[in-house]
Amino acid sequence: MRVLVISDIHGNLTALQAVLEDAAQFNYEEVWCLGDTVGYGPEPNGCITLVRQLKAACVVGNHDWAAIERMDIEDFNAEARRAVLWTRQELSPESLAWLSELPSTPIVKGEFTLTHGSPRDPVWEYVLYPSTARANFDAFSTPFCLVGHTHVPALHVWVESETSVRAISPTPNRVLALRPAEKADGAAPSLRIILNPGSVGQPRDNDPRAAYAILNTKEATWLPRRVAYAIEITQAHMRSAGLPERLINRLSFGW
Ligand code: ZN
C-alpha cells in the first residue's frame with residue numbers, strides 16, 4: 001500500500017494544496033497525518049476540511065491541543081502564543097469538534113506506529129538527536145515509528161545488535177529502503193527506524209519548500225519529497241490576519 005505521510009501543516013492551506021497536487025502522481029491509497037494541522041498559519045479551517053476530506057488517519061499535536069485549550073500556552077514563545085490565540089477565535093465549531101476527537105496516544109498501522117512528538121511523550125517531546133531516538137525505541141513495539149513535531153525531515157536508524165542510533169538527513173526524491181538486504185545465508189540485521197517526513201506548512205531545515213513523504217508499506221520504501229508553493233500567498237493571508245511578522249518572514253527561509 002502506498003501512503004501519503006504529512007505532518008505539521010500548521011494552517012498553511014496553499015502548501016497543503018501544493019503537496020496534494022504533487023503527491024497525486026504516486027496514486028496513494030491512504031493518508032497519515034502526524035499532527036499540528038493548525039497553529040501559526042492563516043487557514044486552519046481550510047486545512048482541517050481538506051484533511052477530513054482525505055479521510056486521513058490523524059493524531060493530535062501540541063498546537064492542535066493549544067488551539068482547543070487543552071494545553072497551557074505558558075511554554076510557547078510570545079509569537080506562537082499570539083498565533084494560538086488568533087487560531088482559537090478563528091476555528092469553526094466543526095473544526096473544534098474534529099480537533100477534540102483526535103487521539104493523543106500513538107496509532108498503530110501494521111508495522112508502523114504514528115505519533116506527533118515521540119512514542120513515549122506523544123504530544124511534546126522532540127526526536128532531534130540519536131540519544132533521544134535511542135531512548136524512544138523502547139516505547140513502541142512495531143519496527144517503524146513515524147513522528148513529526150521537529151519540522152525537519154530525518155531518519156533515526158537502530159540496528160538492534162548495536163548500541164548507537166544513526167541519524168540520516170534524507171535527500172529529496174531519493175528512495176530509501178527501510179529493510180536491509182538479506183545476505184546469502186538469508187540472515188539480515190534486525191533494524192528499526194523512527195521516520196519524520198518534515199513539515200508541510202512551516203519547514204525548519206533551511207529549505208522553504210513544503211515537505212512530505214510517500215511510504216510504500218509492502219516494499220518498505222520511503223520517498224522524501226519537497227514541493228515549491230506560492231509562499232507569498234500564505235504570507236499575504238497571514239498579514240491580513242495580523243499574525244506576527246516573524247512567523248510570516250520565516251516561511252521565506254524555511255526556518
Ligand atoms: Zn509543529
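User: Why is Thr 150 called buried?

Analyst: Thr 150 has a relative accessible area of 7%. Buried means under 20%, exposed over 50% and partly exposed in between, with a 1.4 Å probe and protein chains only, so Thr 150 is buried. This is a predicted model, in which local features need pLDDT of at least 70 and side-chain atom pairs count only at pLDDT 80 or more, while totals for chains, interfaces and linings use all residues. Residues are numbered from 1 along each chain as its sequence is written, and side-chain values use heavy atoms, with hydrogens and water left out.

User: What makes the link between the side chains of Thr 150 and Asn 196 a polar contact?

Analyst: The term requires a pair of N or O atoms within 3.5 Å; within protein, one must be able to donate a hydrogen and the other to accept it, and residues adjacent in sequence count only if both atoms are side-chain atoms. The two side chains are joined at 3.0 Å. Asn 196 is also among the residues in contact with Thr 150 beyond four places in sequence, including Tyr 126 and Arg 204; contact means heavy atoms within 4.5 Å.

User: How do you know which residues are the protein donors of the zinc ion?

Analyst: Donors are N, O and S atoms within 2.8 Å of the metal (3.2 Å for Na, K and Ca); water is not among the atoms, so sites may look incomplete. Asp 8 (OD), His 10 (NE2), Asp 36 (OD) and His 151 (NE2) lie 2.1 to 2.3 Å from the zinc ion. Asp 36 and His 151 are 115 residues apart and link distant parts of the chain. Asp 36 is buried at 1% relative accessibility, and His 151 is buried with a relative accessible area of 1%.

User: Why is the site of the zinc ion called irregular?

Analyst: The angles among its four donor atoms run from 86 to 178°. Four donors are tetrahedral if all angles lie between 85 and 135 degrees; four are square planar and six octahedral if opposite donors are over 155 degrees apart and all others between 65 and 115; anything else is irregular.

User: How do you know whether Cys 33 is in a disulfide or in none?

Analyst: A disulfide is a pair of cysteine sulfur atoms within 2.5 Å, and the count comes to zero. For Cys 33, the nearest cysteine sulfur, that of Cys 58, is 3.3 Å away, and Cys 33 is in no disulfide.

Technical notes: Helix = DSSP H or I, 4+ residues; strand = E, 2+ residues; numbered from the N terminus.
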